[in-house]
Amino acid sequence: MCIVLAGAPNTACAESELEMAVVNVFKRNKCDACHVPIEKRTKDPQTGKLMYPADRDFSYVLDLNKLRLSKYITLGDPERSTLYKLLVEEKMPEGAEFCFDDSCPYPPVKDGDKNIIKNWILSLQ
């Protein structure tokens, strides 16, 4: 079964309410705004380099089937999952560790959203 999210691309497909919540976390926190396919990536206006080089491809952020099999997730173990650690350490979104108020374009992910990601990773086997 696939719950298609309104306004989401075809790759945003959730098979459960928890997965739907995970996709909503990624959308709400604009993860898919930066993590795009290489051909759609923009260059940093100061350096002229790609915002995210090819070796840091995370353009499948809304494809939970691919994400669960990626190097960023340790099934059933959020504390060893790179994705969760980056959120908890406020290293994603990039620059979040320097954001101290709501005026930042990409503030740190809220604790409730981190818990949704944590619960999703815990549910994976």
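Buried means under 20% relative accessible area, exposed over 50%, and partly exposed in between, using a 1.4 Å probe and protein chains only. What you're looking at is a predicted model, where local features need pLDDT of at least 70, side-chain atom pairs count only at pLDDT 80 or more, and totals for chains, interfaces and linings use all residues. Residues are numbered from 1 along each chain as its sequence is written, and side-chain values use heavy atoms, leaving out hydrogens and water.

Let's start with helix α5, which covers residues 111–123. (Helices are DSSP runs of H or I with at least four residues, numbered from the N terminus.) Its buried residues are Asp113, Lys114, Ile117, Trp120 and Ile121. Seen down the helix axis, they fall within an arc of 120 degrees (taken from the directions from the axis to the C-beta atoms), so they line one face of α5.

Beyond its neighbours within four places in sequence, Ile117 is in contact (heavy atoms within 4.5 Å) with Val22, Val25, Phe26, Leu83, Tyr84 and Leu87.

Now for the charged side chains. A salt bridge is a side-chain nitrogen of Lys or Arg within 4 Å of a carboxyl oxygen of Asp or Glu, and the structure holds 6 of them. Here are some:

| Pair | N to O distance |
|---|---|
| Asp77 and Arg80 | 3.8 Å |
| Lys114 and Glu90 | 3.8 Å |
| Lys114 and Asp111 | 3.7 Å |

Salt bridges with shared partners join Glu90, Asp111 and Lys114 into one network. Within it, Lys114 is buried at 7% relative accessibility, Glu90 is partly exposed at 29%, and Asp111 is exposed at 57%.

Key
Helix = DSSP H or I, 4+ residues; strand = E, 2+ residues; numbered from the N terminus. Expected span 1.5 Å × (residues − 1).
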